[in-house]
Amino acid sequence: MFKRFYLSLLLALVVFSCSEESNPKFNTENFTTIFDNNKFDIGYTPIDMVQTPDGGYLVLGSRKLSDSNFSGIYLLKADKNGGFVKELEVDDTYVNPVGKFTQIGDLYYFFSMEYPSLQANITSVDVNLENVTFTPVSGINGVNPTYPSVSSFVDNSFILQCYDHENRQTGLFVVPISGATSAGKAFTIGVGAADNVDESIINSFLYAGRKFPYEVGKVGSLYFFNGFFDFNFSLVFTDLNPDNDPSGVVFGQQPEFNGGFSSVVSLSGSKFAASTFYFGENYIMPNAALQMFGPSSMTPDQLPGLSFPELVTNAKVKVLRSPINTKDVLIYGSDTKTKQIGLYFYDEVTGEFLGSRYLGFSNPFEIASVINTSDGGIAVCGTTYVAGRFARICIFKLSKEKISENVK
């Protein structure tokens, strides 16, 4: 039986319901919903979220599997009020779902991995969670598309980062919806003494170690990925020509990957909205010029970042570009030491700090994604721990008026 908690930010009202038909009408512009159920041996962890044309939400998540070390695929549909509509646990043959969750036409896409082949698949689902399809991704230039890590959708194709465990290399692919890879390149994780790197990567997929903040994108004619290259967790720029070295590299910090980027969003030219971690500390760079050509001699702590000591160690960071009060605003979302989700607002042009807001109450909360909504507000998807133990999905919806309070 599925149970739901609705918490109105405006009325401070808590409603508990076990009935699918019982759906109180709340303000669609401001609400908080926690999706609970009585499967106490199951944990659901959100990965990404999209808004649907009817104003509702689809959440891509993972779930614990009883007979596998990999995570299974979980999908949840909510209505515009944040009310539960439907959930779907996808067949255990397909594991390791990764974002970004992307709407293309009438379908919603992400990547998963077929077990036991470990091959990456383009996975799509319809808005009603009725049909799920899987399209295998082909390899190219001797790189195996196994262990998908993260994707984005640019210029009508997916940019996909994978880990080729057999050859111990990071793979970067350009993949049309057909799955027939059109371009790709391998990047060694290190020659000879890369056992510790390989072990850390595999453990991250098995939820037996640290989850790394992989990222991919494109700026001009260059592609970039935030991942493993040459013994480090580094930011790499490339033209994907198999015969060329990387165009530019901002190396992370050894040992044990103690420094690197926790988020990277291209703004224009060499300007990025980014954040870094360095030996547990966190830094935010709302308007950074990054070196896209040639190796960087700078370590993450030497980049022009703003220290954020209130964030947890090596914090997960999400960045959203959002128009608010006629300004182009960057919203940084992360996890605080007080176990809330922190939202930090910056002027995209000047990098000026504009304000902050905190989400969460009672239980611990952790961020998964933040998106713009069709009414000019934002929605934040995250994890909360019911009774401090059971991982459950939550959605915060904030109106245009609410977030405007943070941007004067």
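This is a predicted model: local features need pLDDT of at least 70, side-chain atom pairs count only at pLDDT 80 or more; totals for chains, interfaces and linings use all residues.
Let's begin inside. In soluble globular proteins, nonpolar side chains tend to be buried together. The largest nonpolar core here has 30 residues, and the members touching the most others are Tyr147, Leu172, Ile201 and Phe228. At least two residues of this core come from each of strand E13 (157–164), strand E14 (169–175), helix H1 (195–205), strand E17 (222–229) and strand E18 (232–238). Apart from this core lies another, made of 21 residues, including Ile34, Val329, Leu359 and Phe365.

The whole structure holds 1 cavity of 30 Å³ or more, and the largest cavity has about 40 Å³ of space. Its lining consists of Ser149, Gln161, Cys162, Tyr163, Thr170, Ile201, Tyr214, Gly227 and Phe228. By class, that makes 5 nonpolar and 4 polar residues, with no charged ones. E13 and E17 each supply at least two of the lining residues, and E13 gives the most, with 3.

Finally, turn to the second largest pocket, with about 260 Å³ of space. It is lined by 20 residues, of which Gly43, Thr45, Arg63, Lys64 and Leu65 are the closest to its centre. This lining divides into 9 nonpolar, 6 polar and 5 charged residues.

Definitions and conventions: Residues are numbered from 1 along each chain as its sequence is written. Side-chain values use heavy atoms; hydrogens and water are left out. A nonpolar core is a set of buried Ala, Val, Leu, Ile, Met, Phe, Trp, Tyr and Cys residues joined through side-chain atoms within 4.5 Å. Buried means under 20% relative accessible area, exposed over 50%, partly exposed in between (1.4 Å probe, protein chains only). Helices (H or I, at least four residues) and strands (E, at least two) are DSSP runs, numbered from the N terminus. On a 1 Å grid over the protein atoms alone, a cavity is a set of points where a 1.4 Å probe fits but cannot get out, and a pocket is an open set with protein on both sides within 12 Å along at least five of seven lines; lining residues have an atom within 4 Å of a point. Grid points are joined across faces, edges and corners, and a volume is the space filled by probe spheres set on the points. Ala, Val, Leu, Ile, Met, Phe, Trp, Tyr, Cys and Pro count as nonpolar, Asp, Glu, Lys and Arg as charged, and the others, Gly among them, as polar.
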